[in-house]
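Work through the exercises below with the model open. Each task is followed by its solution.

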Amino acid sequence: AGMSSCNISAPLFRVLLVAMVCSFSVVAASRMTRCVAFAGRHFHQPAFSTSPPHTFTTRLSMSTAATEESQQEQQEESRPPQPNDREETLVSPWAQATTREGRNNKSRFRQHVNPLARRFQMETELPMEWPQGTFDDPSLPLHLDIGCGKGGFLLELATTRRQEQADVQMNYLGLEIRPNVARHAKGRVARYNLTGSLDFIGCNANVDLRRLLSLYQENGGGSIDFVSIQFPDPHFKAAHVKRRVVTPELVVALADFLAEGKEVFIQSD
């Protein structure tokens with residue numbers, strides 16, 4: 001079959017070519033405008049929008065915040081003391097602890113703190129002549145609970161002994177590193193009618209235990225008959241071993257203050 005041909009003059013060809021190019025540019029620009037508008041509607045929330053953020057964005061923000069907090073704690077551990085650090089740490093974190101009114105035993109608190117942070121390397125503040133004025137009879141034997149949390153174990157134990165074992169006379173002392181948790185536990189003592197026989201102190205036991213036990217006995221406190229440490233964080237990672245509660249130093253301190261035959265009760269999951 002023969003091929004047909006069409007003769008187009010050069011001026012007419014140039015006019016058609018320019019028209020085609022212009023038409024393509026207009027269509028492309030229109031499609032680009034619609035794409036940008038679509039992206040703007042779906043990926044840019046207006047300032048006055050009340051719609052909740054995307055779940056992924058929320059989780060990403062929480063993960064980023066946790067990572068930044070962890071990095072800040074690591075920097076705090078490794079940073080050498082600065083000249084103005086003394087002014088920032090004159091007041092211990094346990095003296096600044098606060099709790100909300102109406103909190104109950106189901107209240108949620110932060111599960112962990114960094115025990116190596118500089119603010120937790122301070123000695124806790126105690127009343128004058130402690131334990132005088134805190135315990136009705138400081139000469140009674142002492143049950144020491146390290147890492148007492150909200151104090152539920154000692155509160156229930158002291159209450160049960162008072163009701164079922166009236167002949168067992170003891171004082172009870174709980175130590176907790178988290179300031180707000182220690183304050184919360186202390187606030188529960190009066191509700192259980194155990195004022196004068198039970199006390200809670202916010203402190204870092206790995207820093208302050210030996211001083212506390214020395215003051216207890218120097219100011220008329222009785223013998224330390226029983227020590228309980230329940231479910232301490234095992235810190236399996238090699239980098240976190242230094243954060244453990246049960247350390248050789250803690251064991252030596254307890255051995256120095258416990259008489260022969262006294263008990264240390266420890267359990268872990």
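**Exercise 1.** Locate Asn193 among the secondary-structure elements, then classify its accessibility.

*Solution.* Asn193 sits in the loop between α5 (179–188) and β3 (198–202). Helices (H or I, at least four residues) and strands (E, at least two) are DSSP runs, numbered from the N terminus. This is a predicted model: local features need pLDDT of at least 70, side-chain atom pairs count only at pLDDT 80 or more, and totals for chains, interfaces and linings use all residues. Residues are numbered from 1 along each chain as its sequence is written, and side-chain values use heavy atoms, without hydrogens and water. Next, accessibility. Asn193 counts as exposed because its relative accessibility is 57%. The classes are buried (under 20% relative accessible area), exposed (over 50%) and partly exposed (in between), with a 1.4 Å probe and protein chains only. Finally, the backbone: Asn193 is not a glycine, yet its phi is positive, about 55°.

**Exercise 2.** Find the loop that holds Phe231 and state its phi.

*Solution.* Start with the loop between β4 (224–230) and α7 (248–257); Phe231 is there. Its phi is near 55°, a positive value in a residue other than glycine. Most residues other than glycine have a negative phi, and most peptide bonds are trans. Phe231 counts as partly exposed, because its relative accessibility is 45%.

**Exercise 3.** Which peptide bond is cis?

*Solution.* Trp130 and Pro131 are joined by a cis peptide bond, with omega about 15°. Then place Pro131: the loop between α3 (85–88) and β1 (142–146).
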